[in-house]
Amino acid sequence: AADADGDNTTNILPSLNDASSMTSGINGVIMEKSRFLTKLSPRIRRLESDTAKCLVGRLESLLTKVRHLMEDSNDDNNNTNKLQKEQRSQELLLMIGHCLRGLALLGKGPDAESAFARVAIMPIIRSKLSKGKLDEGGSRGECSGLFFLLDDIANTVKAMYGSILRASEGMFSNEIIGNSGEEKDDDDDEGRATPSTMEVDLVTCGVWVPVATALMADPGIKMAIFSPGIANVLQANYSALDTFLSELANSLLSPDPQLESAPSEGEKTSPELGDFSHLYYQPNLNSHSIERSHSRLFAHPTTVDYYKRWNLPIYYQLRFAEFCKRLDKALEGVQKEGWQTNVFTGEDMDGKKIQEQLGFELPLFLELYDILLSMWKSHVFLRPLTHRFMRGAVQLVGRVLAFVKEGLDGEIEFGRSSSNSEKRNEDMDEAGLTPSETIVDVPAYFWNERVEDVAIVTWELTILDTCMTHDYLEVISNTVCPPEKESSQSSELDEIKIIASEVLMDSSRGISPLVSHSWNTLIVDNLSSQCCTPLSAVKGVAATYRMTNRPPPTQASPFVATILRPLKEFDTTYASRTPPQIGDDWKRQVIMTVSDKYSLAVEELIATVKRTEEALKSRKTRRMMAGGMSDGEKVKLQLYLDHREFKSNVEELGVDASGIEGLVKLGGLTEEAESLYQRTQK
């Protein structure tokens, strides 16, 4: 039995009993297969290469047949022939699909894209792209025909190869199939389509790359498009190409309504007749498919290189120089002839619109806002330069604010000085021109001394402050993210609004201090000075009754009505143009200053009258003959009447008289004359 057991043990295969033997056996098989494949690898590579060449050659042949078929169908109006050609086109499309799938399986997608670009697209580009067609419809060098040329290329490609492009996009577009079986798109966290790789991408590499290469390869066309040296031409070229690239995927991949119409009863196919075209692959493209293709277009290295060809900083410098020239000319005109000088150089319709909608009155601010708006017009604005145009707007506003501040500080003299007039006459003499007799030089002055100028300028600044953070912000937002695209770019629009709002608020931050300083200091000081001028007549009240035997007064002195007249006239004119943040405090300041000086003058006069009465006590009886009052009492009664009139004028201005310290003091100085006033009323 023991021998039997031993024999059985020795008969067991080593590979089943020894783990190391098993491993070595498997490794041996793998090594054998590896050596076998290594020997076959040259043949495999040769087979792949030959198959790829065969497929590429077949693809080129089929594309050529498609081109000839489409060219012939455009010249043939026979319906029967058209049906035959449509069937032939479907057959060619089916074979082209097989070639594309085969090349994709072999990893030769770039060969398919290159063949499509070379055989299908380049003949179209060569037949349509030329320097003459580029300038068609305009002067030489203006590239007036670029937009129509690109549109013609896109329409021709779609008409001839649109079905191939849609079939290819449907076959190779990467879509993620979820657990539920529904298609999911390659979107990022914010819902935007992300560029994905494709085995064969005919839209990007087969259409856009050859078009971009043709535009960038020819030196003459490249210079005319990318470096014209004229701002308007460069902007038009950029807009035309950007529109072409932005709409290329949608233009090529969207189905043709005429081709998508349902077949009639006579056109329906049946397997009994040997027609299985209804079973052919039909691409199912939606908006997300087109958006993915659009993303791949913009992510391609050729597109990146294409955008680098544009010298956009130079374009912005040319535009900004135009804006600065307009603004500098306007500031120069205002400095020579005053704020009301018509320095607006924009369209009359635009100027009226700004006046009616926003309320600007001064031509300088109309010019400034028109310049700011022109930065975002369709024939000027370029989206990649958004940050530069926004910075330019801030700089232009800052330039005007600096000009206003220098004027308020008395550092800028308005009008033509004698030296400027002599220089102008010398310049005209050198040019052989005769000065017009109607030109009258404006005398030199500092506009911060004119309350009318200060008030109207600060009102314009207030309007500008509001516009910059509201109306102008909307203009920028609607230009950068047009309303028709708002649904797909809502997050981007909100972000742009936040950033632009912060920038514009920062640019207008210096307006409020200027407005406050102008009203609370310059206007208050100027009006206070004007209102205090009539107070010199207070001293004359005593002389009116001293030793004149006049009857007691019954009304206020004439000068009292003139004290606050400058303030009343100014308030009437500019009440509707007073900045909301200023309120009525400025009027209160003026009245307080005037009341303090008025009460001081009355106090000095009463003291003088008392001293005079003390000196003339012995002659008192004779002085009281007229109305039973002494000269001093008549003076006090007159001051009392003047105080009542002045207080009434203060209340007419909407200021509480009880809160004016100088007015309260004035009432205390004249209250003893109230009894005299009561005597005259009996």
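Biologist: Is K53 buried or exposed?

Modeller: The classes rest on relative accessible area: buried means under 20%, exposed over 50%, and partly exposed in between, with a 1.4 Å probe and protein chains only. K53 has a relative accessible area of 59% and is therefore exposed. K53 is found in helix α3, residues 19-75; helices (H or I, at least four residues) and strands (E, at least two) are DSSP runs, numbered from the N terminus. The C-alpha atoms of K53 and K108 are 9.8 Å apart in space, although the two residues are 55 apart in sequence.

This is a predicted model, in which local features need pLDDT of at least 70 and side-chain atom pairs count only at pLDDT 80 or more, whereas totals for chains, interfaces and linings use all residues. Residues are numbered from 1 along each chain as its sequence is written, and side-chain values use heavy atoms, with hydrogens and water left out.

Biologist: Which residues does S293 touch?

Modeller: Contact means heavy atoms within 4.5 Å. Leaving aside residues up to four places away in sequence, S293 touches E169, V203, T204, A249 and L253. S293 lies in helix α12, residues 287-299, and counts as buried because its relative accessible area is 0%. By contrast, N284, in the loop between α11 (257-260) and α12, is exposed at 60%.

Biologist: How is the span of helix α14 read?

Modeller: The expected span is 1.5 Å times one less than the number of residues. Helix α14 (residues 312-337) has 26 residues and reaches 38 Å from its first C-alpha to its last, close to the expected 38 Å.

Biologist: Which residues of α14 are buried, and what covers them?

Modeller: An α-helix has 3.6 residues a turn, so residues three or four places apart point the same way. The buried residues of α14 include L312, Y315, Y316, R319, F320 and F323. Their cover includes α10 (231-253), α16 (363-374) and α17 (386-408). Just after α14, G338 takes a positive phi of about 100°.

Biologist: At what angle do α16 and α17 pack?

Modeller: Two packed helices are described by the angle between their axes and the distance between the axes. Axes are lines fitted to C-alpha atoms, for helices over the stretch in contact, and angles run from 0 to 180 degrees between N-to-C directions. For α16 and α17 the angle is about 170° and the axes are 10 Å apart. On the α16 side, F365, L368, I371 and L372 meet A393, L396, V397 and V400 of α17. This contact has eight nonpolar, no polar and no charged residues.

Biologist: What is the phi of C143?

Modeller: Most residues other than glycine have a negative phi. Phi of C143 is near 55°, a positive value in a residue other than glycine. C143 sits in the loop between α6 (131-134) and α7 (146-172), and at 5% it is buried.

Biologist: How many disulfides does the count give?

Modeller: A disulfide is a pair of cysteine sulfur atoms within 2.5 Å. The count comes to zero. For C99, the closest cysteine sulfur, in C54, is 8.2 Å from its own, too far for a bond. C99 is buried, at 5% relative accessibility, and C467 is buried at 3%.

Methods: Nonpolar A, V, L, I, M, F, W, Y, C, P; charged D, E, K, R; others polar.
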